[in-house]
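Please read it beside the coordinates.

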Amino acid sequence: MNTRSDSLGSNGSDEHPPRELVTQTASARLPTTWGEFMCHSYESLDDGQMHLAFVMGEVDGAEPVLVRVHSECVTGDVFNSVKCDCGLQLDEAMSRVAQAGQGVVIYLRGHEGRGIGISQKLKAYELQDQGFDTVDANLELGVAVDSRDYSVGAQILTQLGVSQLRLMTNNPAKYQGLASNGLTITELIPLHVPIHPEAERYIETKRGRLGHHTPSSAGSSAAPSDAVVS
Ligand SMILES: [Zn+2]
């Protein structure tokens with residue numbers, strides 16, 4: 001019996017334990033410009049992808065934990081692309097965990113371009129420069145609009161001892177993906193970051209067509225995010 005598609009928040013008590021999806025492979029103290037984290041690596045048993053968890057403070061207690069489950073975006077996270085808001089969101093999440101002195105940032109690999117990979121993402125960017133929006137560009141390429149799966153991220157959190165989380169996201173699909181894997185989300189914390197003019201149409205599409213909780217571009221200059229950057 002397949003229980004993977006259970007409805008939101010379902011957590012039946014007589015289910016079999018979930019199949020093991022990841023195994024922890026290493027851990028080290030990692031001092032960063034945001035603060036000092038423990039960095040754990042995990043190998044996905046299905047596809048060999050390596051994922052990371054950045055942990056600050058004790059996170060295996062009863063209190064809800066501040067969490068970001070971040071999808072890899074090499075252009076945004078590493079090379080400061082302004083076509084999307086990924087890099088700024090990652091920076092904001094790391095900053096907020098450091099300020100709280102406790103929390104987890106999961107870095108999920110294989111989520112590039114909402115799961116289509118870097119090559120297809122660049123092809124989609126080219127189509128966007130021809131007038132397609134981010135959803136129609138994927139459809140034109142014959143790839144999924146969003147194929148990301150959050151069960152690995154959920155299992156990493158479970159292995160860390162986190163069961164209740166205060167989730168930093170603007171994306172309702174991420175909320176549902178984690179909640180349907182047995183985690184309880186006690187609070188949704190938006191991550192509104194300043195939007196570059198190059199990203200305005202992309203953000204607007206995510207808001208209008210994918211249901212993301214982001215301010216309209218007209219209000220982007222009033223993003224409240226910089227209040228927490230020191
Ligand atoms: Zn991105």
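**Basis and overall fold**

This is a predicted model: local features need pLDDT of at least 70, side-chain atom pairs count only at pLDDT 80 or more, and totals for chains, interfaces and linings use all residues. Residues are numbered from 1 along each chain as its sequence is written.

The protein has 8 helices and 7 strands. Helices (H or I, at least four residues) and strands (E, at least two) are DSSP runs, numbered from the N terminus. Of the 230 residues, 36% count as buried. A residue is buried if 20 or more other C-beta atoms lie within 10 Å of its own, exposed if 12 or fewer, and partly exposed in between, with C-beta atoms placed from the backbone. Two residues are in contact if their C-beta atoms, placed from the backbone, lie within 7 Å. Among contacts with a separation of 6 or more, 62% come from residues 24 or more positions apart.

**The sheet**

The 7 strands form an open sheet in the order β1-β2-β3-β5-β4-β6-β7, and the pairing is mixed. Strands β1 (22–31) and β7 (184–189) are the edges; each has a single partner strand, so one side of each lacks a neighbour in the sheet. From one strand to the next, the twist averages 25°. Strands of a sheet pair through backbone hydrogen bonds, either parallel or antiparallel. Here two strands pair if DSSP finds at least two bridges between them.

| Strand pair | Sense | Bridges | Example of partners |
|---|---|---|---|
| β1 and β2 | antiparallel | 9 bridges | Gln 24 and Tyr 42 |
| β2 and β3 | antiparallel | 6 bridges | Glu 43 and Met 50 |
| β4 and β5 | parallel | 5 bridges | Ser 71 and Leu 108 |

The hairpin of β2 and β3 has 5 residues between its strands; Gly 48 in the turn has a positive phi of about 75°.

Helix α2 (residues 86–100) touches β3, β4 (65–71), β5 and β6 (164–168), and its direction makes about 160° with that of β4. Helix α6 (residues 151–159) touches β1, β2 (36–44), β3, β4, β5 and β6, and its direction makes about 145° with that of β5. Axes are lines fitted to C-alpha atoms, for helices over the stretch in contact, and angles run from 0 to 180 degrees between N-to-C directions.

**Helix α7**

Which residues of helix α7 (residues 172–179) are buried? They are Lys 174, Tyr 175, Leu 178 and Ala 179. Seen down the axis of α7, these buried residues fall within an arc of 125°, so they line one face of the helix. The arc is that of the directions from the helix axis to the C-beta atoms. An α-helix has 3.6 residues a turn, so residues three or four places apart point the same way. The buried residues of α7 pack against β4, α6, β6 and β7.

**Helices α4 and α5**

Helix α4 (residues 118–129) packs with helix α5 (residues 134–141) at an angle of about 120°, their axes 9 Å apart. From α4, the contact takes in Gln 120, Lys 123, Ala 124, Leu 127 and Gln 128. From α5, Thr 134, Ala 137, Asn 138, Glu 140 and Leu 141 take part. The contact residues divide into 4 nonpolar, 4 polar and 2 charged. Ala, Val, Leu, Ile, Met, Phe, Trp, Tyr, Cys and Pro count as nonpolar, Asp, Glu, Lys and Arg as charged, and the others, Gly among them, as polar.

**Gln 164**

Gln 164 lies in strand β6. Gln 164 is partly exposed, with 16 other C-beta atoms within 10 Å. Leaving aside neighbours within four places in sequence, Gln 164 contacts Pro 64, Val 65, Thr 184 and Thr 186. Gln 164 and Val 65 are 99 residues apart in sequence and 6.4 Å apart in space, C-alpha to C-alpha.
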